[in-house]
2 protein chains.
Amino acid sequence: MNIVLFESDEIGQPLVLSDERAKHILGVLGRQKSDTFDAGVIDGKRGKATVDSIGTESISLSFDLQHEEPSLYPIDLIVGLSRPQTNRKILQEATSMGVRSLSFVTTERGEASYATSKLWTTREWRRHVVAGVVQAFTTRMPQVSFGISLKVALEAKANAEVKIALDNYEADLTLSEVDRGSDSIALALGSERGWSGAEREMLREHHFQLAHLGPRPLRTETAVVAGIAVLLR
Amino acid sequence: MNIVLFESDEIGQPLVLSDERAKHILGVLGRQKSDTFDAGVIDGKRGKATVDSIGTESISLSFDLQHEEPSLYPIDLIVGLSRPQTNRKILQEATSMGVRSLSFVTTERGEASYATSKLWTTREWRRHVVAGVVQAFTTRMPQVSFGISLKVALEAKANAEVKIALDNYEADLTLSEVDRGSDSIALALGSERGWSGAEREMLREHHFQLAHLGPRPLRTETAVVAGIAVLLR
């Protein structure tokens with residue numbers, strides 16, 4: 001199962017052979033002139049593309065994109081910035097599961113250097129998001145923000161119908177016991193070392209209920225996938 | 001949160017400085033003579049260890065292990081062998097979530113080379129399992145098998161109370177709609193390319209219900225975590 005995604009302004013333009021997607025179409029998918037493959041426009045329609053010609057520097061494609069893709073799930077994820085390798089997994093996995101936004105926030109127990117990783121200072125983060133969209137065989141991209149404080153992220157979710165923070169220490173409820181509502185859910189997870197006392201206080205002030213995923217501490221990326229799965233069950 | 005695990009026959013023996021655990025105790029945890037740290041015996045008790053002395057070649061430890069650890073969850077995972085990097089994540093994440101067994105099976109769409117990776121031919125697989133146990137701050141190891149056929153693995157689960165195979169193509173139920181029973185669950189997932197038609201037939205013959213995790217195709221390691229989370233909710 002593979003889909004190749006394009007920006008809307010790339011449609012109708014030649015695709016240079018050095019582009020990773022051209023290599024994928026010709027090399028991995030083994031397509032030749034007149035062959036088709038699954039394609040889509042980022043945040044647009046999905047359908048088929050045809051290889052019209054293969055030149056010495058680029059390939060020409062034509063598109064027949066008819067499928068309107070379904071909306072993303074109304075789940076907004078707030079995650080403490082962690083080590084880049086952890087955040088890469090979260091970007092890809094949470095995107096593949098279909099959340100509509102991801103906010104990576106600075107926390108007291110996260111290291112300041114996490115926010116200045118090349119994952120965030122270059123456009124590398126976007127590559128992992130696109131990989132998650134491709135994995136899910138769709139075109140819709142979640143909104144991603146990073147480097148804002150937990151407080152700003154919580155304030156931005158003031159209107160969410162259900163607000164939950166995962167916490168292993170002070171939560172009385174399991175995540176599956178929390179009423180999921182019918183409209184929108186904000187789900188907050190700490191950095192790898194969890195929430196500070198002041199952050200728990202701030203979460204409660206912003207009407208986030210603390211909930212847990214059972215007694216076993218999980219890696220942040222495992223908790224993200226498990227938490228989304230329980231909310232989407 | 002860190003726990004250092006020992007085999008039962010290591011208790012009372014000096015720990016050489018070149019051992020990764022000695023480096024962790026002294027380097028990462030920064031423990032000195034008379035300091036304590038969280039420790040446990042694999043499949044045994046959990047408690048505290050004390051650094052009694054630090055020599056030029058080894059350290060001496062004493063143990064006070066009182067906590068009997070809870071049993072693992074009665075979930076037996078059957079997973080199609082995939083690329084080693086995928087299986088490494090599954091070994092660690094499924095272990096951290098507390099399943100009691102993992103069987104990595106050959107499937108029609110898996111490549112034969114997957115079974116002969118050094119992950120399996122050396123004891124490397126066990127390192128990832130131990131990392132999952134450490135992550136969950138406990139001592140209990142799941143049972144791990146690999147290289148057997150899907151058929152043999154399904155026959156071995158003949159007595160499981162609930163038998164489920166995740167499938168994106170022919171399942172009518174979502175995983176959360178399946179009755180979880182009260183005793184034991186066998187959960188089967190295909191290799192990265194999913195089940196063949198013959199394998200679906202075999203799953204049905206062995207009374208595995210097909211269930212899905214929603215319309216979005218997920219990576220195998222994401223589906224493993226999501227599936228376990230939904231069963232444990």
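Which residues in H2(B) meet which residues in H4(B)? I note before answering that this is a predicted model.

**Entry: H2 and H4 of chain B**

From H2(B) I listed Arg88(B), Leu91(B), Gln92(B), Glu93(B), Thr95(B) and Ser96(B). Facing them in H4(B) are Trp125(B), His128(B), Val129(B), Ala131(B), Gly132(B), Val133(B) and Gln135(B). I sorted the contact of H2(B) with H4(B) by class and got 5 nonpolar, 6 polar and 2 charged residues.

Next I looked up the geometry. Two packed helices are described by the angle between their axes and the distance between the axes. Helix H2 of chain B covers residues 84–97 and helix H4 of chain B covers residues 124–135. Their axes are 7 Å apart, and the packing angle is about 30°. Angles under 35 degrees count as roughly parallel, so H2(B) and H4(B) are roughly parallel to each other. The crossing in which H2(B) passes H4(B) is right-handed.

**Entry: H2 and H7 of chain B**

I then turned to helix H7 of chain B, residues 220–232. H2(B) packs against H7(B) at an angle of about 10°, and the axes are 9 Å apart. That angle makes H2(B) roughly parallel to H7(B). H2(B) passes H7(B) in a crossing that I recorded as right-handed.

On the H2(B) side, the contact is made by Thr86(B), Lys89(B), Ile90(B), Glu93(B), Ala94(B) and Met97(B). H7(B) contributes Thr220(B), Glu221(B), Val224(B), Val225(B) and Ile228(B). I count 6 nonpolar, 2 polar and 3 charged residues in the contact of H2(B) with H7(B). Glu93(B) is on my list for H4(B) and again on my list for H7(B).

**Entry: H2 and H7 of chain A**

At what angle do H2(A) and H7(A) pack? I found about 10°, with the axes 9 Å apart. H2(A) and H7(A) are therefore roughly parallel to each other. The crossing of H2(A) past H7(A) is right-handed. Among the residues that make this contact are Ile90(A) and Met97(A) of H2(A), and Val224(A) and Ile228(A) of H7(A). The contact of H2(A) with H7(A) divides into 6 nonpolar, 2 polar and 3 charged residues.

**Entry: the two chains together**

How many residues does the contact take from chain A and from chain B? I read 22 residues from chain A and 22 residues from chain B. Helix H2 (84–97) and helix H7 (220–232) of chain A each supply at least two residues of the side that touches chain B. H7(A) gives the most to that side, with 6 residues. That side of chain A divides into 11 nonpolar, 7 polar and 4 charged residues.

I also looked up how the copies are related. Chain A is superposed on chain B by a rotation of 180° with 0.0 Å of shift along its axis, at an RMSD of 0.0 Å. The two copies are thus related as by a two-fold rotation axis. Of the interface residues of chain A, 100% are also interface residues in chain B, so the copies meet through the same surface.

**Entry: domains of chain A**

The domain assignment of chain A gives domain 1 (4–67) and domain 2 (73–232). Taken over C-alpha atoms, the centres of these domains of chain A are separated by 33 Å. Their contact takes 8 residues from domain 1 of chain A and 7 residues from domain 2 of chain A. On the domain 1 side I noted 3 nonpolar, 2 polar and 3 charged residues.

Note on methods:
Residues numbered from 1 in each chain as written. Chains lettered and ligands numbered in written order. Predicted model: local features only at pLDDT ≥ 70, side-chain atom pairs only at ≥ 80, totals over all residues. Contact = placed C-beta atoms within 7 Å. Helix = DSSP H or I, 4+ residues; strand = E, 2+ residues; numbered from the N terminus. Nonpolar A, V, L, I, M, F, W, Y, C, P; charged D, E, K, R; others polar. Axes fitted to C-alpha atoms, helices over the stretch in contact; angles between N-to-C directions. Parallel < 35°, antiparallel > 145°, perpendicular 65-115°, else oblique. Left-handed = near helix turned anticlockwise from the far one by under 90°. Least-squares fit on C-alpha atoms with pLDDT ≥ 70 in both. Domains from an automatic or database assignment.
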